[in-house]
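The entries follow the order of my look-ups.

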Amino acid sequence: MYDLAVVVPVRKGSSRIANKSMLPFGDAASLIEWKLSQLVTVIDPARIYLSSEDDEFLALADRFGVSRHKRAMRLALDHVAPFRDVITGIVRDIPHEHIAWSTVVCPLMAPQEYLNAFRHYHEQVILGEHDSLVGVNLLKEYFWAEGRSLNYRATRDHTISQELPDWFKVTNSIYMCAKREILRREYFIGDKPVMEPLSKLAGVDIDYIEDYRIARALHAVYAEDGLHAVDPATLIDWSRDAFPLPIAV
C-alpha cells in the first residue's frame, strides 16, 4: 500500500452559512461526523487527519479514532491567509507521502467512490504518468459567458447535447497529490491530473443554505441506494507495506 493520509479540513468561521460544519446530516449530528463515518470505512482511522483551529471540532476526532491536526488560527480566518498558505500550512504537518484532501461540504460522495479514487491514484499517478487526481462531474450542458456561447453553436446550426465537448466540473469532493508536489506547487492539483469521474450526488457542494437543503433532500436517494456500504472485495489492507490485492472475504 502506498503511504496515504486523508485530510479533512474544517474551520469555525463560514462567510455564507454560520457554523456550517456542525450542521446535522443524515443520521449524524454534524457534517464533520458524517464525513468521518464515511472515511473510516475505507481507510485506517489513524490515516485520517481532522484539521481545525477549533478544539470543539477537534474533539469529534476522538469519537472515530482519527488523528487531530491543530491548525494555526491565521489559516482559519476568512481571507486572511491565501489559500495556498492554508494548503501548505496543513499538509506540511501531515507525516505521509501522499495526501487526499476531502471536504465535509460534499457529504454525498459515497465511501465506494473514495476507494475507487484511492486505487485509481495508485494505478494512474504512482504507477502511471499523471501527477495528481481530482474528482469531477462530466457536464454535457450549454454555457455562456460575456455575452457569447462558449461550448456550442447558438445558431440555426445548434449543437445537440450529445455532440457537446467534454467539460468537467471540479466537485470539491476529493483532491489527491504527493505531499512533496503539494508543497512545491503550493496547490493540490498538478499539470496532468487524473479526472476521476464521480456521481452527480458527489458533486453536490454545500456553499449556500439552498445547497444544504438540496443535499439533505438527496440523502434519501443516497440511503435508498445503500451508498454508505462498500464492496468488501475492494477494501484495501492499509497495514501492508505494498499496495495489496483485495482482502479475501
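I started with Y175. Its relative accessible area is 7%, so I filed Y175 as buried, the cut-off being under 20%. The model is predicted, and I kept that in mind throughout.

Next I checked F188. F188 comes out at 4% relative accessibility and is buried.

I then looked at the two rings together. Y175 and F188 form an aromatic pair, with 4.1 Å centre to centre and 15° between the planes. I noted the pair as stacked. Where do Y175 and F188 sit in the chain? Y175 is in strand 8, residues 167-178. F188 is in the loop between helix 5 and strand 9 (193-197). They are 13 residues apart, and I logged the pair as a link between distant parts of the chain.

I also looked up Y187. Its ring pairs with that of F188, the centres 4.9 Å apart. The planes stand at 35°, so I recorded this pair as tilted.

I widened the search to the whole structure. It returned 12 aromatic pairs. I also found one aromatic cluster, formed by Y2, Y114, F118, Y121 and W238.

My last entry is on helix 3, residues 83-91. I listed V86, I87, T88, G89, I90 and V91 as buried there. What covers these buried residues of helix 3? I found that the cover includes strand 1 (4-9), strand 2 (48-52), strand 3 (67-70) and strand 4 (98-102). Helix 5 (179-185) is also part of that cover.

Technical notes: Residues numbered from 1 in each chain as written. Predicted model: local features only at pLDDT ≥ 70, side-chain atom pairs only at ≥ 80, totals over all residues. Heavy atoms only, no water. Buried < 20%, exposed > 50% of the residue type's maximum accessible area, 1.4 Å probe, protein only. Helix = DSSP H or I, 4+ residues; strand = E, 2+ residues; numbered from the N terminus. Contact = heavy atoms within 4.5 Å. Phe/Tyr/Trp six-rings, centres within 6.5 Å; stacked < 30°, edge-to-face > 60°.
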